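Work through the exercises below with the structure open beside you.

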Amino acid sequence: QIFSKFGYVLKIIMFNKNSKFQALLQYADSTNAYYAKMSLDGQSIYTGCCTLHIDFSKLTSLKVKYNNDKSRDFTRTDLPFGDGQQPLDASSAAAFAIQNTIVTSYAGAAGFAPSLGYPQGAVNQSAASGQMTIPAVSGIPGNSVLLVSNLNPEAITPYGLFILFGVYGNVHRVKIMFKKRGIALVQMADATQAQLAINHLNGQRLYGRVMHTTFSKYQTIQLPREGQEDKGLTKDFSNSPLHRFKNPGSKNFQNIFPPSATLHLSNIPPFVTVDDLKNLFASKGSTVKGFRFFPKDCKMALIQLGSVEEAVHALIELHNHDFGEKHHLRVSFSKSII
C-alpha cells in the first residue's frame, strides 16, 4: 500500500537480517523505484516509529516461490502458500529492487497517527493478532502544477525556476504572476516529480527569501493568448533540450540530492583549469571553499561553496554554461563534502 503510491509493485520478500526486519521490493520500472526511494527514505510509517531506510539493491530481480506473509509475487496468483521463506535469488531482469525498507519494530505503535499522508485515526490494530494494518493509499495528488510563493520579485525569472526545479523533474511550463511577482506556478511532467520537488525545495532559501512550495489548485498552466500582455513571465519549456530526465532509467535518476553547499560539475572540457572554474563561480558571487577534480575523470569535479543558498544561486546561473567548442557545463547538487 505504501510503495504502490509510486508505481506497480511486482514482488516483495521480507526477512530478518542483522537483527533487523528488512524487505526487498521490486518495481516494474526503475524510475518508480527511484521516486519511491527519494520520497520515502527517512520517512516514518507512524509518527516517530517504523522509520524507513531505503537503498537500491544489487539484485536485478526477485524470485518468489510462495505467496504468503513473508513473500508475494503480485503478478502470479497460482503460487502455493508454503510454510517458509525462499532463499533470495538474483536474475538478469532489468527492474531495480529496493532493500532495507523497514528496520524498526512495530511494537508500541498502536494509536500513533501515520506520517506518510494517511488520515488521522486511520491506523487499525487487530485485537486478536496485535497486527497493525494501514488502509489503502489513494496515492499522490494527481496534480503536476506547483504553487511557489515568497519569491524575490527582483531576482526571480521563469528560466531560473526552470533550472532549479529541473533538478527534480522535467519542467514543462513556468508562470510568474503578472500582478504578484513573488508568486509563481511551475508545471512538472507528472505528479510524482512535483511531489519530489516539494520534498526538496519547500523551505529552501532563494535570493534572500524562504521559498514556499506546495501543490496548486490549477491542473495546468495556460499560455497567454496572442496579444495578451505578459512581459515574458510565462514560458513553455516542454521541448527544452535541458531536461535532465528524457531517458527512462538514466543514471540521473540515481544522482539527485537535496540542495547542498557542494556541487557536482560534469562535462568540463580539457582546456578548463581549476582557476578557470573557481573564477567562474566567484564571478557569480560564490565563495569557493574547496575544489577537486575526480581522480579518474577530469571531466567531473566537486566544488564547495560558502552556503547552500550560494550553491542554489550558482546552479541556476551556471548550469549549461557555454565554455565554447560545444562544451556546456552540467551542475547538480552533491551529497559529498570536500
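**Exercise 1.** Find which ring Arg292 lies over, and then locate the ring under the charged end of Arg181.

Solution. A charge sits over a ring if NZ of Lys or CZ of Arg is within 6 Å of the ring centre and within 35 degrees of the ring normal. Arg292 lies over the face of Phe294, at 5.9 Å from the ring centre. The charged end of Arg181 sits over the ring of Phe178, 5.4 Å from its centre. The model is predicted, so local features need pLDDT of at least 70, side-chain atom pairs count only at pLDDT 80 or more, and totals for chains, interfaces and linings use all residues. Residues are numbered from 1 along each chain as its sequence is written, and side-chain values use heavy atoms, with hydrogens and water left out.

**Exercise 2.** Describe how Phe162 and Phe237 are arranged as an aromatic pair.

Solution. Rings of Phe, Tyr and Trp (its six-membered ring) pair if their centres lie within 6.5 Å, and planes under 30 degrees apart count as stacked, over 60 as edge-to-face and the rest as tilted. There are four aromatic pairs in the structure. One of them joins Phe162 and Phe237, stacked at 4.1 Å centre to centre with 5° between the planes. Both Phe162 and Phe237 are buried, where buried means under 20% relative accessible area, exposed over 50% and partly exposed in between (1.4 Å probe, protein chains only). Together with Tyr159, Phe162 and Phe237 form one aromatic cluster.

**Exercise 3.** Determine how many disulfides the structure holds.

Solution. Counting pairs of cysteine sulfur atoms within 2.5 Å, a search of the whole structure finds zero disulfides. Cys50 counts as buried at 1% relative accessibility, whereas Cys298, at 52%, counts as exposed.
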